[in-house]
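Please read it with the sequence and the model side by side.

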Amino acid sequence: MQDGYGRKIEYLRVSVTDRCNLRCVYCMPAEGVPSVPHEEILTYDEICRFCGIAAGLGISRIKLTGGEPLVRKNLHVLVKKLKETPGIEQVTLTTNGTLLRDQLAGLTAAGLDAVNISLDTLDEEKYTLVTRGGRLADAAQGIEAALASPGLPVKINCVPLQDGSDEDIVRLAELAGEHPLEVRFIEMMPIGMGKEFQGRGANEIKKLLESRFGKSLPCGKTLGNGPARYVEFQGFQGRIGFISALTHKFCRTCNRLRLTPEGMLKPCLQYGDGFDIKKLLRNGASDEQIAETVRAAVLDKPACHQFERENDPACRENRSAQEGRTMESREAEKSRRLEEREMSRIGG
Ligand code: SAM
Ligand code: SF4
């Protein structure tokens, strides 16, 4: 599928739950967010039906996310069903890793293709603080299990906080020195609780790492489905990646849609707009009607997020690349409703 700006849309992030066993400070309020009633959350059969229809339109890669996807029972069953869906080439997972060790064998047997594990620090106390109660040992065991799983690509995702220490960042990067995995530093996005925190920019982190590990080399290969830019350090087994939604805006190559736990299909992370897939699934809509809605969502993808709003060159460039769109639709884009939900409700 191509959107209104000529981008190829082939990647779907499916948030399977809004629930989480942690309360990361920049993602969820301490008291959590009111849970969506179970009956409002898409069943595995509903997710699979939707993904099958989306696969027929060109979605070939699916990321399972949340909330914490591993708090949902029997996630391996969903992985298996998705892997059996014609057209779906890859099913991957983003998790905080704390429940991974015990579930990994089932997930890989079901065909899981890769895992991303979120980890913001290797300091036990800070980990407990940032996750509001999590145990570093649980996440570490998840990472060890993933690394011990033959052929399973592993990425570590870190969202560095402005007031975090350089040492945390260096120690996390060292994981890519010691193991064949990617460590990615993600810029804080002003979504939900993230609005209240300052992250650290990619350039600053790259400079810091180069001061410790020497000059980095850009990595020629594209790794994964997303917007990360990778570099290599001499002697490292793995690579370092940067996902910089703010300082290196990547909307021009955006390839994704998002499905929330309640079945809203979101064209863009930043905006509250969505297409109600659950209503269609539960009201007897035909596959073709659902497919029509997916096409509409793709065509509704905005040129770019506006985290820093308006006079951004990447945004303008994207807009000027559009064909057949009127000034009116550009104005409509400006007035889109911004996302007010927490990241855990959308599936980061
Ligand atoms: N619970 C799983 C996890 O932590 O990996 C999956 C869901 S979580 C919402 C997905 C990713 O979004 C995590 O890596 C998390 O650090 C990141 N995230 C959450 N809030 C964010 C924000 N405001 N800006 C950037 N990344 C954020
Ligand atoms: Fe939970 Fe992931 Fe959000 Fe942390 S980042 S609170 S683990 S959903």
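1. Buried means under 20% relative accessible area, exposed over 50%, and partly exposed in between (1.4 Å probe, protein chains only). By that rule Ile 290 is buried, with a relative accessible area of 0%. Ile 290 sits in helix H9, which covers residues 287–299.

2. This is a predicted model, in which local features need pLDDT of at least 70 and side-chain atom pairs count only at pLDDT 80 or more, while totals for chains, interfaces and linings use all residues. Residues are numbered from 1 along each chain as its sequence is written, chains are lettered from A and ligands numbered from 1 in the order in which they are written, and side-chain values use heavy atoms, with hydrogens and water left out.

3. What does Ile 290 touch, leaving aside its neighbours within four places in sequence? Contact means heavy atoms within 4.5 Å. The partners are Arg 49, Phe 50, Ile 53, Leu 280, Leu 281 and Ala 285. Ile 53 is 237 residues away along the chain, yet the C-alpha atoms of Ile 290 and Ile 53 are separated by 7.4 Å.

4. For the protein overall, 56% of its 348 residues count as buried. Among contacts with a separation of 6 or more, 74% are between residues 24 or more positions apart. The protein has 12 helices and 12 strands, taken as DSSP runs numbered from the N terminus (helices H or I, at least four residues; strands E, at least two).

5. Ligand 1 has 19 residues around it, and Tyr 26, Gly 67, Thr 94, Ser 118 and Met 189 come nearest; a residue is near if one of its heavy atoms lies within 4 Å. A polar contact is a pair of N or O atoms within 3.5 Å. A polar side-chain atom of Ser 118 lies 2.6 Å from an oxygen atom of ligand 1, and one of Tyr 26 lies 2.9 Å from an oxygen atom of the ligand. From Thr 95 a backbone N or O atom lies 3.3 Å from a ligand 1 oxygen. Ligand 1 taken alone exposes 540 Å², and the protein buries 94% of that (Shrake-Rupley method, 1.4 Å probe).

6. How many disulfides does a search of the whole structure find? The count is 0, where a disulfide is a pair of cysteine sulfur atoms within 2.5 Å. The sulfur of Cys 254 is too far for a bond, because the closest cysteine sulfur, in Cys 251, is 6.6 Å away. Cys 158 is buried, with a relative accessible area of 0%.

Notes: Polar contact = N/O pair within 3.5 Å; in protein donor to acceptor, adjacent residues only side chain to side chain.
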